[in-house]
Amino acid sequence: MPMKFPSFRSRREDYPEKMWTRCPSCEEQLFNKQLEKAMNVCPSCGHHFRLSATMRLSQLLDDGSFVERDPGLVSVDPLGFVDQKPYPDRVAAAQLATGLRDAAVWGTGRIEGMRIAILVMDFGFMGGSMGAVVGEKVARAAEGALEEGIPLVIVSASGGARMQEGTLALMQLVKTMAALERLRAARVPYVSVMSDPTTGGVFASYAAMGDVNLAEPNALIGFAGARVGAGTIGQELPPGFQRSEFLYRHGFVDRIVQRADLRQELAQVLRFLAPTQPWGKEAARG
Ligand SMILES: [Zn+2]
């Protein structure tokens with residue numbers, strides 16, 4: 001169903017633009033316009049900055065092809081959870097800061113003319129944490145892909161399950177996996193893209209389960225943090241532990257893809273996974 005009210009809006013209109021950003025990797029001062037033009041990748045050292053959901057969608061999809069689904073899903077506060085402030089206040093602050101309703105946006109769109117279902121996460125919304133809304137959107141994206149017989153692409157950016165929703169957040173691991181299992185049984189392709197960071201319950205469920213798992217360079221990817229890991233096994237961890245390149249060397253990631261190549265790489269992978277599928281025709285029908 002076409003959207004009436006998108007669950008996100010452009011962040012840039014909300015406050016005066018900062019002109020410069022310092023690259024945390026090479027410390028170069030980067031002109032923001034130049035950085036944005038380079039897809040938020042540092043032109044001098046290649047550091048991949050995090051991307052908002054809106055920027056990610058516009059970089060990956062054919063112009064104007066995105067139609068958002070389920071934009072109205074919003075978190076409730078099932079536990080009456082309060083830490084330094086009540087959970088509903090935290091959600092409201094995140095909504096105001098990001099222009100999103102929650103940490104994930106899903107819908108349908110096209111990559112090089114091929115119709116796909118796509119879900120992207122935004123780390124700027126409470127660390128991209130997965131509560132019932134994110135889990136439900138992942139499940140619905142998988143169900144939408146299954147229903148139409150079009151491939152699913154998920155771009156993750158998350159610190160893991162949202163503690164403010166307790167066990168309900170943990171249940172999303174099982175729910176998303178069940179939805180992906182139905183997709184797998186129907187032989188509909190699912191490609192996972194892991195960006196910085198993809199950790200905790202999101203890595204432990206759908207992010208690691210792609211038919212093909214792609215990662216952006218130097219992204220933090222893993223389940224528990226390095227300190228927890230080192231404490232548990234009582235050993236120092238190897239250099240580069242939990243970065244894309246380490247996971248690639250150990251077989252958890254199939255390819256590391258520069259952001260500038262991601263759109264083309266995704267299109268190639270999707271064609272390769274099911275070359276006979278009539279996605280092109282689906283695309284023509286809109
Ligand atoms: Zn840099």
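Biologist: Hi! Which residue in β7 stands opposite L152?

Modeller: Hello! That is Y190. Keep in mind that this is a predicted model.

Biologist: How many bridges join β6 to β7?

Modeller: Six, and the two strands run parallel. To get from β6 to β7 the chain passes through helix α5, residues 166–185, in a right-handed β-α-β crossover.

Biologist: And what about β5 and β6, how many bridges join them?

Modeller: Four bridges join that pair, again with the strands running parallel. A117 is the residue that stands opposite L152 of β6. Together with α4, β5 and β6 form a right-handed β-α-β unit.

Biologist: Is β6 mostly covered or mostly open?

Modeller: Mostly covered. The strand spans residues 152–158, and seven of its seven residues are buried. One side carries L152, I154, S156 and S158, the other V153, V155 and A157, and both faces are covered.

Biologist: Let's move to the core. How many residues does the largest nonpolar core have?

Modeller: It has 65 residues. Those with the most contacts inside this core include I116, V120, L152 and V153. Helix α4 gives the most to the core, with eight residues. As a general point, nonpolar side chains in soluble globular proteins tend to be buried together.

Biologist: You mentioned V120. What is V120 in contact with, leaving aside its neighbours within four places in sequence?

Modeller: Its contacts are A53, R56, L57, A104, V105 and V155. A104 is also among the residues with the most contacts inside the core.

Biologist: Nice. What about the backbone at M126, what is phi there?

Modeller: Phi of M126 is near 45°, a positive value in a residue other than glycine. M126 sits in the loop between β5 and α4. M126 is buried, with 26 C-beta neighbours inside 10 Å.

Biologist: And which loop holds N218?

Modeller: The one between β8, residues 212–215, and β9, residues 221–222. N218 is not a glycine either, and its phi is positive, about 60°. N218 counts as partly exposed, with 17 C-beta neighbours inside 10 Å.

Biologist: Last one. What domains does the domain assignment give?

Modeller: Domain 1 covers 19–49 and domain 2 covers 51–285. Their centres, taken over C-alpha atoms, are separated by 24 Å. Five residues of domain 1 are in contact with nine residues of domain 2. On the side of domain 1 that touches domain 2, two residues are nonpolar, three are polar and none are charged.

Note on methods
Residues are numbered from 1 along each chain as its sequence is written. This is a predicted model: local features need pLDDT of at least 70, side-chain atom pairs count only at pLDDT 80 or more; totals for chains, interfaces and linings use all residues. A residue is buried if 20 or more other C-beta atoms lie within 10 Å of its own, exposed if 12 or fewer, and partly exposed in between; C-beta atoms are placed from the backbone. A nonpolar core is a set of buried Ala, Val, Leu, Ile, Met, Phe, Trp, Tyr and Cys residues joined through C-beta atoms within 7 Å. Two residues are in contact if their C-beta atoms, placed from the backbone, lie within 7 Å. Domain bounds come from an automatic or database domain assignment. Ala, Val, Leu, Ile, Met, Phe, Trp, Tyr, Cys and Pro count as nonpolar, Asp, Glu, Lys and Arg as charged, and the others, Gly among them, as polar. Two strands pair if DSSP finds at least two bridges between them. A crossover is right-handed if, with the strands pointing away from the viewer, the path from the first strand over the helix to the second runs clockwise.
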